[in-house]
Amino acid sequence: MTTAIYPGSFDPLTNGHRDIIDRISRVFDKVIVSVLENPRKRPLFTIEERVEMLELITAKYKNVEIDSFHGLLVDYARKKKSDIIVKGLRSTGDFEFEFQMALINHKLAPAVETMFIMTNSEFSYISSSMVKEIAYYGGDISSLVPPEIHEKILAKIKANVEKLQL
Ligand code: PNS
């Protein structure tokens, strides 16, 4: 059985993330979407909120599990008995950083492979930071995030305008 880990900050989840989860759920037997507790970033949404949003939009997938982790991704992959990390690539800008991460992770854990999936061109320009910035300035984010969590995202952004790091 192939189990893949799809890690990320998901702060918040976007239509781009949802598209990738949908596509990789058809490639691997099991997909663990895991939210990073990242001490270097000050996320807008709590871990619990991000996990909850992911659970909501993946409820229909029998082979998708939602989790969170801290520490090194490769240690987490070993703990979950998975040797596949999946990352989405939007542009050559993503590639530079992801290439470095894949090499570091491979050095740390040679048995763990990083695989890349190209984001659907329809979503290639969407990022969580942009969603936050657009909503912050009152723009329409309804086509950028899943409808099930659209209102939740707007409410959170409105309630935390001073905390938002754009
Ligand atoms: O959605 P993001 O913020 O681009 O996700 C980045 C993530 C979570 C995949 C990355 O930051 C990560 O793997 N962090 C865990 C720490 C780690 O293993 N770093 C690699 C060695 S420096």
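Author: Leaving aside residues up to four places away in sequence, His106 touches Val112 and Glu113, where contact means heavy atoms within 4.5 Å. This is a predicted model, in which local features need pLDDT of at least 70 and side-chain atom pairs count only at pLDDT 80 or more, while totals for chains, interfaces and linings use all residues. Residues are numbered from 1 along each chain as its sequence is written, and side-chain values use heavy atoms, with hydrogens and water left out.

His106 belongs to helix 4, which covers residues 92-108; helices (H or I, at least four residues) and strands (E, at least two) are DSSP runs numbered from the N terminus. With a relative accessibility of 36%, His106 counts as partly exposed, on a scale where buried means under 20% relative accessible area, exposed means over 50% and partly exposed lies in between, computed with a 1.4 Å probe and protein chains only. From C-alpha to C-alpha, 37 Å separate His106 from Ala135, although the two are 29 residues apart in sequence.

Two packed helices are described by the angle between their axes and the distance between the axes. For helix 5 (residues 128-136) and helix 6, the axes come within 10 Å and cross at roughly 65 degrees, which makes helix 5 roughly perpendicular to helix 6. The axes are lines fitted to C-alpha atoms, for helices over the stretch in contact, and the angles run from 0 to 180 degrees between N-to-C directions. Angles under 35 degrees count as roughly parallel, over 145 as roughly antiparallel, 65 to 115 as roughly perpendicular and the rest as oblique. Helix 5 passes helix 6 in a right-handed crossing, where a crossing is left-handed if the near helix is turned anticlockwise from the far one by less than a right angle, and right-handed if clockwise.

Helix 6 has another partner in helix 2. The axes of helix 2 (residues 47-58) and helix 6 (residues 147-159) come within 10 Å and cross at roughly 160 degrees, and the two helices are therefore roughly antiparallel to each other. Here the crossing of helix 2 past helix 6 is left-handed. On the helix 2 side the contact is made by Glu49, Glu52, Met53, Leu56 and Ile57, and on the helix 6 side by Glu148, Ile149, Lys152, Ile153 and Lys156. These residues divide into five nonpolar, no polar and five charged.

Asn15 counts as buried, at 7% relative accessibility.

The loop between strand 1 (3-8) and helix 1 (15-24) contains Pro12, which is joined to Asp11 by a cis peptide bond with omega about 0 degrees. Phe10 has its place in that loop between strand 1 and helix 1 too, and its phi is near 50 degrees, a positive value in a residue other than glycine. Most residues other than glycine have a negative phi, and most peptide bonds are trans. At 3% relative accessibility, Phe10 counts as buried.

Finally, the chain as a whole comes to six helices and five strands, following the pattern β-α-β-α-β-α-β-α-β-α-α along the sequence. Its radius of gyration is 16 Å, close to the 15 Å that the globule rule gives for 166 residues, so the chain is as compact as a globular protein of that length; the radius is taken over C-alpha atoms, and the rule is 2.2 Å times the number of residues to the power 0.38. Of the 166 residues, 48% are buried.

Key
Nonpolar A, V, L, I, M, F, W, Y, C, P; charged D, E, K, R; others polar.
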